[in-house]
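Have the model open as you read.

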Amino acid sequence: NPYLGRRYMLITSRGCPFACSFCSNNELHRTYGFEHGKHLRRHSPQRIIDELVDAKKRYGITSIWFVDDIFMSDMQWLREFAPLYIRHVGLPFYCLGHPSFINQENAKLLADMNCILVQVGLQTSNAKLRREVLKRYETNEQAEKSIRLLRDQGMQVILDFIFGLPGETEESVLESIIAYSRWDISYVSMYTISYYPFTDIITSALKATLSPAEKSLLE
């Protein structure tokens with residue numbers, strides 16, 4: 001269990017290729033004028049290995065949590081990192097993933113590296129809410145496929161779910177419950193929506209509650 005023992009938290013990168021409407025990256029992209037993916041920065045594989053080797057010796061760590069927004073967003077980096085991790089570190093770990101970035105190759109690499117669990121962001125199975133409110137464009141088919149790839153390699157999968165989205169209905173919640181129950185996931189990580197300042201989801205929330213005349217002022 002990656003939650004047990006002396007867990008070491010580490011981030012190998014800064015930034016995210018996406019600007020989902022509910023996330024702080026939504027405002028960061030707009031404020032700093034980031035083009036798609038151009039602001040991602042990542043330490044070299046050897047730099048991360050050196051830190052982990054030192055942490056093993058210094059603190060006796062027994063597991064690792066990679067807290068990157070999307071740990072497997074750079075395949076070339078992961079290809080270089082994996083053999084170094086296997087050779088010099090080898091500890092069980094878990095990380096955060098995204099359906100658009102999980103494929104057969106990196107699922108196998110993660111398993112070989114001793115990844116135990118991947119937490120996958122999806123937030124809702126309702127495609128309309130995900131696309132129009134959250135500004136997320138992956139499909140349920142991609143999500144189900146990514147879960148299957150990870151599970152086939154023996155990893156546990158946590159799938160995120162956010163309650164209280166603008167435009168949410170009892171039917172959309174039930175749709176997600178049914179979908180999540182059908183998919184081969186280990187756990188569901190449940191949240192209620194939080195509104196970060198200046199993010200686009202605030203506009204969606206206002207439009208869901210205002211009168212037609214008031215909504216026109218937001219156009």
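Are W77 and F81 buried or exposed? Both W77 and F81 are buried (under 20% relative accessible area, with exposed over 50% and partly exposed in between, using a 1.4 Å probe and protein chains only).

## About the model

This is a predicted model, in which local features need pLDDT of at least 70, side-chain atom pairs count only at pLDDT 80 or more, and totals for chains, interfaces and linings use all residues. Residues are numbered from 1 along each chain as its sequence is written, and side-chain values use heavy atoms, leaving out hydrogens and water.

## Aromatic rings

You will find 15 aromatic pairs in the structure (rings of Phe, Tyr and Trp, the last by its six-membered ring, with centres within 6.5 Å; planes under 30 degrees apart are stacked, over 60 edge-to-face and the rest tilted). W77 and F81 make a stacked pair, 4.6 Å centre to centre with 15 degrees between the planes. F161 and F163 pair edge-to-face, at 4.5 Å and 80 degrees.

W77 and F81 also belong to a cluster that ring pairs build from F66, F71, W77, F81, Y85 and F93. Over the ring of W77 sits the charged end of R42, 4.8 Å from the ring centre (the cut-offs are NZ of Lys or CZ of Arg within 6 Å of the centre and within 35 degrees of the ring normal).

## Burial of the second pair

F161 counts as buried because its relative accessibility is 5%, whereas F163, at 29%, counts as partly exposed.
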